[in-house]
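Thanks for coming, everyone. Please take a moment with the structure on the screen, and then we'll go through it together.

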Amino acid sequence: MKRGDRPVACATEPIRWPSLAADALPAAVIFLVTLGPGQVLSRGEPGTLLLQVALTAPLLWRRRAPLTVFCAVGAAAAIQWVAGVQLPADVALLVALYTVTAHRPWRWALPAALALEAGVVLAAARWAPPGQFPFSVAALTAMAAVAVTTGLWARARRAYVASLEHDREQRARLAVAEERARMTRDMHDIVTHNLSVMVALADGAAHVRHRAPERAADAMERIAGIGRQALEDMRRSLGAGEPGTGEPGPAEQADASRHPAPGIDQLGPLADRMRAAGLPTSLRVAGDPGTIPAAAQLTVYRLTQEALTNTLRHAPGATAEVRVRLTPRRAEVEIVDDGHPGRAADGTPGRGLAGMRERVAAYDGTLHAGPVPGGGWRVAAGLNLTGERRP
């Protein structure tokens, strides 16, 4: 299954019957081992041999049809009791009871156990030595209890293994969903930001191409550089992990060493690009970026990138200020512009704001985004670096 494929429902999978050979082995063992003690061959009676076969042969299908096999073995044992023939192959009843208990719910296993207990009493009443009836009933009941207990243990173990498999599949599905959400956030940030800057630069180049061709040429070079950077960011984002593991593969590790993910040190070049696109941007960083994990630095970068991109798109002519405060326990970033007040007053948040909230939530942080009294827009986020990052 490829990463991202939806798991096929169990109802559409073919039924996998247990191997007939696997059930044939215990049936054959019981048949052969009980031939001697039961003196089936020495009697030379075809009826006795038929009873031996009737008691053991149904075990071939014990896991395919546990109840049917139990009833068939029980019917053979009843005929044996009526005929007055005592055979050690009656142990097949215990195997059949174990199978019913292991593969069927209690509403079927309990009647089967009670039916076998009734057969125990009848068998002890007919074949127990004089004065040994209570002992015979207790011994046979104990063997039946062992069969039931073993069946319950096998059933519980199978349910436990199935729950582990279900949990593993659930974790795999959640990992795929998280990977898709991460890629969606990254693609939105990368594409929206870079296209917005490239459009602004292209508009500026078109506006000055006759009066200042050197400025137009410079803008085109910047557009080409931004396009190459966008391709690198997209390649890094799309190849961030091995399928199904979430861990970077060898190729991605080598690429990451050559082109590390953007962090706080890249906020300066980001501000330069925004100024070149027509958004005067100032940057102040307080604290040591070296104390901040790389993943948290990427989050700070993406938050700043998204906020500045929104200012560039929705508040032409505005200026922006980025303030970053870093401590080993917390990273805070604030982006404020003096653009038109209430430009998002319709209350319909876009994918950018939702992506910001998802990024901040991974660090159990806080995000505030809204208009500033007197005009402008403010985005403030705080990342908690002391706890374990959530996926």
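Start with Val 333. Which residues is it in contact with, leaving aside its neighbours within four places in sequence? Contact here is heavy atoms within 4.5 Å. The answer is Val 300, Leu 303, Thr 304, Val 322, Arg 323, Val 324, Val 379, Ala 380 and Ala 381.

A word on the source. This is a predicted model, where local features need pLDDT of at least 70, side-chain atom pairs count only at pLDDT 80 or more, and totals for chains, interfaces and linings use all residues. Residues are numbered from 1 along each chain as its sequence is written, and side-chain values use heavy atoms, with hydrogens and water left out.

Next, the strands. Strands are DSSP runs of E, at least two residues, and helices are runs of H or I, at least four, numbered from the N terminus. Strands pair if DSSP finds at least two bridges between them. S3, residues 330–337, runs antiparallel to S5, with eight bridges. S4, residues 366–371, is also antiparallel to S5, with six bridges. Look at Arg 378 in S5. Its bridge partners include Val 336 and Gly 370.

S4 and S5 make a hairpin with five residues between them. Gly 374, in that turn, has a positive phi of about 95°.

Is S5 enclosed or open? Six of its eight residues are buried, so S5 is largely enclosed by the rest of the structure. Buried means under 20% relative accessible area, with a 1.4 Å probe and protein chains only.

Last, the largest nonpolar core: 35 residues. Such a core is a set of buried Ala, Val, Leu, Ile, Met, Phe, Trp, Tyr and Cys residues joined through side-chain atoms within 4.5 Å. Leu 308, Val 333 and Leu 383 have the most contacts inside it.

Notes:
Buried means under 20% relative accessible area, exposed over 50%, partly exposed in between (1.4 Å probe, protein chains only).
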